[in-house]
Amino acid sequence: KSTHIFMALAAGWAVSALVQVPALARSAQSMPAGWVGTWTAPRHRVPLSSDFHVSVWGRNASATRDVDLSIEPDGDGTLKITEAVVDERGRRKPFSTAVTEVRLRLRQQNGTSGTSPLVTVTSAETRYLGGVEDRVDMTGVTVILSPVPLRSDAMNFRYDTPRGTGSLGETLVRARAAPARCPRRSSSTPSAACWTRTGWRS
């Protein structure tokens with residue numbers, strides 16, 4: 001009986017170890033704080049003024065591209081590239097929007113926070129919005145991230161497709177949180193400094 005009890009305990013310890021190892025390995029790969037957060041690029045906008053573009057999209061239309069990257073402390077990341085055609089008021093034209101979403105896994109390289117992380121693409125697809133939504137698998141894309149010298153609020157970013165179509169490079173900047181709205185004033189509770197349409201108020 002004692003032998004059976006020992007074997008049962010040993011099996012339990014082995015299962016416990018198997019459960020804990022992935023968690024320990026994952027925590028060991030946590031990203032330095034300087035990489036964690038939400039990053040964006042300035043909107044890329046190109047006027048569509050050729051006769052062909054005017055016949056399809058109308059006058060004063062533009063092609064736009066937005067790039068957003070979010071990185072979690074555990075190294076998981078999501079890259080989103082949104083391309084669309086907009087009118088002069090910035091409204092998207094129907095059936096013109098394509099969203100490429102790339103899931104990433106980042107690992108710190110050589111145990112230092114100042115070098116480029118090792119980036120693995122775990123999945124990638126492009127969705128074409130409007131009507132019946134089409135999805136295209138983007139197997140083979142690569143993403144490279146590198147620090148900008150002397151800047152902690154920016155990173156260089158490179159996205160490449162196997163055939164080169166749609167490849168791009170940008171400098172991403174850390175997104176800033178919008179300031180909180182002012183609460184209603186109270187005679188008993190003074191409000192802290194906050195932002196209004198006319199400026200800062202205390």
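A residue is taken as buried when its relative accessible area is under 20%. By this criterion, eight of the 11 residues of strand S3 (residues 61-71) are buried in the predicted model, so S3 is largely enclosed by the rest of the structure.

Strand S3 pairs with several other strands. Four residues separate the strands of the S3-S4 hairpin, in which glycine 75 adopts a positive phi near 100°. Strand S2 (residues 44-48) is also antiparallel to S3, over five bridges, and arginine 45 stands opposite threonine 64 of S3. Strand S1 joins S3 through four bridges, again antiparallel; here threonine 38 has serine 70 of S3 as its bridge partner.

Strand S1 (residues 37-40) additionally pairs with S10 (residues 168-174), antiparallel and over two bridges. Threonine 40 is partnered there by valine 173 of S10. Strand S10 in turn runs antiparallel to S9 (residues 154-160), to which six bridges join it; the bridge partner of tyrosine 159 is leucine 168 in S10.

Aspartate 87 lies in the loop between S4 and S5. Its relative accessibility is 9%, and aspartate 87 therefore counts as buried. Apart from neighbours within four places in sequence, aspartate 87 is in contact with Arg45, Asn60, Ala61 and Lys93. The C-alpha atom of aspartate 87 is separated by 9.1 Å from that of alanine 63, a residue 24 positions away along the chain.

The largest pocket has a volume of about 290 Å³. It is lined by 15 residues, of which Glu83, Thr100, Thr126, Met138 and Gly166 are the closest to the pocket centre. By residue class, the lining comprises seven nonpolar, six polar and two charged residues.

The mean pLDDT is 79, with 69% of the residues reaching 70 or more. The pLDDT falls below 50 over residues 2-28, a stretch that has three contacts beyond near neighbours in sequence. Residues 189-202 likewise have pLDDT below 50, and this stretch has 28 contacts beyond near neighbours in sequence. Where pLDDT is low, predicted coordinates should not be read in detail.

Definitions and conventions:
Residues numbered from 1 in each chain as written. Predicted model: local features only at pLDDT ≥ 70, side-chain atom pairs only at ≥ 80, totals over all residues. Heavy atoms only, no water. 1 Å grid on protein atoms, 1.4 Å probe; cavity = no way out; pocket = protein on both sides within 12 Å on 5 of 7 lines; lining within 4 Å. Points joined across faces, edges and corners; volume = space filled by probe spheres on them. Nonpolar A, V, L, I, M, F, W, Y, C, P; charged D, E, K, R; others polar. Pairing = 2+ DSSP bridges. pLDDT = per-residue confidence, 0-100. Contact = heavy atoms within 4.5 Å. Buried < 20%, exposed > 50% of the residue type's maximum accessible area, 1.4 Å probe, protein only.
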